[in-house]
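Please read them with the coordinates open.

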Amino acid sequence: MDPFAVAHQALAALNAGDAAAAQPAGEEWLLMALEQGDEAQQARALLLLARCERALHRPGDARGRSEQAARLFRQQGDAGGEAGALSVLAHSASLAGHHEEAIEAALLGLRLAQQRGDGAALVVALQDLGACHVWARNFDKAAEVLRQAADAANACKPRLSPLTACLWLAMGTLLALAGEREQRGQLPPLGPLEGHLINARYLLAEGDAEAQCWWTLMQTMAQIWKGASALAQPELQQALAQLPEQDRHWLAALAGWVQAELAWARRLWPQARRAAAQLVAQADAVQHEPLAQLGELIASQIEEQQGQPQRALQRMRALREREARVRIASLASREATVQWQLEARRSERDRAQLADEAQRLEKLSMEDPLTGLANRRSFEAHARAQLAHGGVVSLALIDVDHFKQVNDRHSHLVGDQVLSQIARLMRQHVREHDVAARLAGDEFVLLLRGATEEIAQQACLRLDEAVRRHDWNAVSDGLSVSISIGAAQREEGDTLETLMARSDAAMYAFKRERKGGAMAQAWLTDESEGEGDSPD
C-alpha cells in the first residue's frame, strides 16, 4: 500500500476525532517508514501515534512516542514538527507528575513558536506551559502565562478564542483554593474563581461538549463551596450527563472530586469516602498522577473531618508513597535522557546532532520552574559577563536554614512554597538591574551590580529581616523560616569561583555568628531565670 495513502488515512481519522481508528493506520505508517529508512516520515508517524495515545488517555505511551518524534524532528531541522511533539511530551510528562521535565519541554516548545512567529502555535505553546504550571501547583506563574495565552489568542489574525486559557485559569484557581483550605483549615474568598468562570461562560461555543462539561464541573464546585448544595446537585447531574462517551477520561476523575465535595458538604461520610476513592481510581485509569494525589489528600481530609485520625494518617501515608514513586520515576527518566545523549556520541553524525542540541538547550528558558528566578545557567552567564566587564559588583549567597526539617515536618509541598515565597521576597529587595537566581535546592544567589560589599550587606540584612517577619504561619501552622546570607565584593583577579567561595565563607561565618548569638541569649536567659528563683 502507498505510504502516503496510509498517512492520509491515519491523519483523517485523527482529525475526525477517532483516535482508536487512527492508531492502526499510524502503526502501519511507522512500519513502512522504518522499512524505507525515512526518518522524516518516522517522526510524523510517531507524532500521530503520540497524539492518538494522548486522545485515548494513555499519557505513558504518548510520552515515549512524542520524545522519539521530537528527537527526529530536531535532527531534520523541522521546528514545527518538533514543537508539536514537545506539546504532547509536556502534557504527558505533566500527567505523570514529572513537572520539571514537562515545564522544560513546554518552554522549549514556546521558544520554537516564538522563533517561527506563528501566532496560533504561540497560543498553544503558552496554554501548554500554563497547564504544566497548574499541575505543578505553581499557581502564580500559571496565571501569568495563561493570561499571556489569552492575550495572544485575542491578538491573532484571525482572532482565536481564549476559552482554553480561561478554563485553565479557573482550574488553577480551583486547585489553589483547595490547597489554601488544606493549609489554613478554611476556604478563602471565591471571587477570583467566579470571575474566571464568568469569563469562560461567555466564550463557550455550542458543540464543544468537553469544554462545557469541564466548565460545569468547576461551576458546581464553586456552588458547593459557597454553601449552595441545593443548586449544586442539578448542576452536577448535568455535568455527569455531559461526560465524554469514552471508557476513560480525566473529566470523570474531576467529577469524582466534585461528588466527594458535595457529599462532604452534606456530611454524608460514606458517600464522600466512596467518591474520593472513585477520584483516585479514575485518575489512575487515565494515568493522571496530580489528580490521583489530590484524591488521596481529599480522602485524608474527609477522614479527619469525620473524626478518624488513624484513617486520615493512612491516606496521607499513601500520598507520601505516591510522591516518592513519582520522584524515583522522574530520576529514572532523566537517567534515560542522559543515556541517550551518551549513546549519541558514537558517530560523527551524532556528535554534530549533540552540538545542535547544545545550541538548542542554550535557547531554553533560563528560568527556574519552581520560583520563577533565573536558574544557575542564567546566573553564571550574567556573572561571568559582569566580571569580564569589570567595575564594582558584589555577590551574595543565600541558604535556607534547616530546610530539610521544613520538608520532614511540614511536607515537600510546603517546602516548595517556602522556596517560592523567599524568591518573591528576593525580587522585592533587589533593583531592576540586579540578578536574583536559584542555584539548586534551597540555595539562592544575588548578583548586585555597582554595589560595594557594605551596600550588599545592607541589602542582605533587609532581606533577612523580611524573611524573619514574613507570616510563615499562613503557609503552614508552626512554620518558622530563616536564612543565612554571605556577601563579598569583587576584587582584582577574582573569578566567579573565587568570588563565590568568599561569599560562601561569609555565609558560614554568618551562620556561626547567629548560632553563637542564639546560644549566648539562651545562656543569659537561663542566668536571669536562676537569679529570679534564688532567695534574697
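1. Helices (H or I, at least four residues) and strands (E, at least two) are taken as DSSP runs, numbered from the N terminus. By that rule, serine 229 sits in helix α12, which covers residues 229–242.

2. On provenance: this is a predicted model, in which local features need pLDDT of at least 70 and side-chain atom pairs count only at pLDDT 80 or more, while totals for chains, interfaces and linings use all residues. Residues are numbered from 1 along each chain as its sequence is written, and side-chain values use heavy atoms, with hydrogens and water left out.

3. The chain overall. It holds 22 helices and 4 strands. Of its 536 residues, 50% count as buried (under 20% relative accessible area; exposed is over 50%, partly exposed in between; 1.4 Å probe, protein chains only).

4. Contacts along the chain. Take contacts (heavy atoms within 4.5 Å) between residues at least 6 apart in sequence: 64% of them join residues at least 24 apart.

5. Serine 229. Is this residue buried or exposed? Serine 229 counts as buried because its relative accessibility is 14%. Leaving aside residues up to four places away in sequence, serine 229 touches Gln223, Leu262, Ala265 and Arg266.

6. Helix α1, residues 3–15. Its 13 residues reach 18 Å from first C-alpha to last, close to the 18 Å expected at 1.5 Å a residue (1.5 Å times one less than the number of residues). Glycine 17 follows α1 and has a positive phi, near 90°.

7. The faces of α1. Which residues of α1 are buried? They are Val6, Ala7, Ala10, Ala13 and Leu14. Seen down the axis of α1, these buried residues fall within an arc of 135°, so they line one face of the helix (the arc is that of the directions from the helix axis to the C-beta atoms). An α-helix has 3.6 residues a turn, so residues three or four places apart point the same way. The buried residues of α1 pack against α2 (19–36) and α3 (39–55). On the other side of α1, Phe4, His8 and Asn15 are exposed.

8. Tyrosine 202. This residue belongs to helix α10 (residues 191–203). Tyrosine 202 is exposed, as its relative accessible area is 64%. Its C-alpha lies 8.8 Å from that of leucine 163, 39 residues apart along the chain.
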